[in-house]
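Dear colleague,

I am passing a structure on to you, and below it I have written out what was found. Please keep it open while you read.

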Amino acid sequence: MKIALIGYGKMGRMIEQIAIARGHEIVCRIDVDNQECFESSEFSSADVAIEFTNPASAYDNYLKAFKHNVKVVSGSTGWMHEHKADVEKLCNEGGQTLFWASNFSIGMAIFSSINKRLAEIMNRFPQYAVELEEIHHIHKLDAPSGTAITLAEDIIAHLDRKDKWIKSQDKATENELPISSIRQGEVPGTHTISYNSEADKITITHEAFNREGFALGAVLAAEYTQTHKGLLTINDMFDFSKEQ
C-alpha cells in the first residue's frame with residue numbers, strides 16, 4: 001500500500017517506521033514547511049493518507065486530500081464542532097473516505113467497549129455518581145481530550161441520568177458528567193472512569209505507556225481503509241458487539 005503522511009512529527013515518524021515494517025511504502029511526507037506537496041503526483045498516488053496534525057489545520061487537510069480522491073485516516077481532534085456536518089456530507093454523498101478516531105490504540109478500543117457495557121449496567125444503579133479524568137502531556141492543545149469526549153458521549157448514550165458533559169471546574173448538576181483534564185510531563189494518555197456511591201467505588205482505567213500503540217492502530221486503520229469507503233470509525237474495524 002502507498003501511504004502519504006500529513007504531519008511529520010513524533011507520531012508521523014513512528015507511523016512511518018511501523019508502516020515500512022509492515023511492508024508499506026511511504027510516497028509523500030507533508031509538514032508545515034512543504035504544503036505544496038499536496039499538489040504533487042506522489043501525494044495523488046497514495047492509497048491512503050494518514051493525518052496527525054492539529055485542530056486548526058485538520059479539516060483543510062481533509063479537503064486537500066479529497067481534492068485528489070485520496071482516502072484519509074486521521075487522529076486529529078477538535079475540528080468536529082465546526083465541520084462535522086460538512087465531512088459527513090463529503091463522505092456519505094460526495095464519495096470521499098475518512099477514517100477518524102480520537103484514539104487508535106487497540107487497548108482503547110477494548111476499553112471503550114467495556115465503558116459502554118459498564119454504563120449500560122450502571123444505568124440500573126442511580127446511587128452511583130460517575131466522573132471521568134484524563135491526563136496528558138503538557139504539549140496537548142485541547143482539553144478535554146478527544147478520547148475523553150468520546151468516552152463521555154458513550155456513557156451519556158447509555159446512562160439515562162446524564163445528558164451532557166462539562167469540564168470539572170464547572171459545578172456539575174445531576175444530569176451532567178464532569179470531565180477532569182490534567183496536563184502533566186510527557187504522559188502519553190491516561191483515562192479513568194469512576195462510579196462512586198456511599199458504599200463503594202468502581203473504577204476502570206486505560207493507561208498508555210508510549211505512542212507506539214497509537215501508531216500501530218493508525219496503520220491498521222489505513223489497511224482497513226484501503227478496502228472500505230465512507231465515514232469510518234474504530235467501531236467499524238473492531239466490532240466487539242459480536243463474539244469472535
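In this predicted model, helix α1 passes helix α7 in a right-handed crossing. The axes of α1 and α7 come within 9 Å and cross at roughly 60°, and because of that angle α1 counts as oblique to α7. On the α1 side the contact is made by M11, M14, I15, I18 and A19, and on the α7 side by E212, F214, A215, L216, A218 and V219. Sorted by class, the residues of this contact are 10 nonpolar, no polar and 1 charged.

Helix α1 itself covers residues 10–21, and its 12 residues reach 17 Å from the first C-alpha to the last, which is close to the 16 Å expected at 1.5 Å a residue. The buried residues in α1 are M11, G12, I15, E16, I18 and A19, and what covers them includes, besides α7 (212–226), the strands β1 (2–6), β2 (25–30) and β3 (48–51). After α1 comes G23, with a positive phi near 90°.

A second pair of helices is formed by α3 (residues 58–67) and α4 (residues 80–92), whose axes come within 11 Å and cross at roughly 15°. That angle is why α3 is described as roughly parallel to α4, and the crossing of these two helices is left-handed. From α3, the residues Y59, Y62, L63 and F66 take part in the contact, while α4 supplies H83, D86, V87, L90 and C91. By class, the residues where α3 meets α4 divide into 7 nonpolar, 1 polar and 1 charged.

In the loop between α3 and β4 (71–74) you will find N69, which has a positive phi, near 55°, although N69 is not a glycine. Most residues other than glycine have a negative phi, and for that reason I would draw your attention to this position. N69 counts as exposed, because its relative accessibility is 60% and the cut-off for exposed is over 50%.

Most peptide bonds are trans. P144 lies in the loop that runs between β6 and α6.

Helix α6 then takes up residues 146–158, and its 13 residues reach 19 Å from the first C-alpha to the last, close to the 18 Å expected at 1.5 Å a residue. Its buried residues are G146, T147, A148, L151, A152, D154, I155 and I156, and they pack against one helix, α5 (106–122), as well as against the strands β6 (129–136), β7 (164–167), β8 (176–183) and β9.

Is S197 buried or exposed? With a relative accessibility of 19%, S197 counts as buried, since the cut-off for buried is under 20%. Leaving aside residues up to four places away in sequence, S197 touches Q127 and Y128. S197 and Y128 stand 69 residues apart in sequence, yet their C-alpha atoms are 4.7 Å apart in space.

With kind regards

Definitions and conventions
Residues numbered from 1 in each chain as written. Predicted model: local features only at pLDDT ≥ 70, side-chain atom pairs only at ≥ 80, totals over all residues. Heavy atoms only, no water. Helix = DSSP H or I, 4+ residues; strand = E, 2+ residues; numbered from the N terminus. Expected span 1.5 Å × (residues − 1). Buried < 20%, exposed > 50% of the residue type's maximum accessible area, 1.4 Å probe, protein only. Contact = heavy atoms within 4.5 Å. Axes fitted to C-alpha atoms, helices over the stretch in contact; angles between N-to-C directions. Parallel < 35°, antiparallel > 145°, perpendicular 65-115°, else oblique. Left-handed = near helix turned anticlockwise from the far one by under 90°. Nonpolar A, V, L, I, M, F, W, Y, C, P; charged D, E, K, R; others polar.
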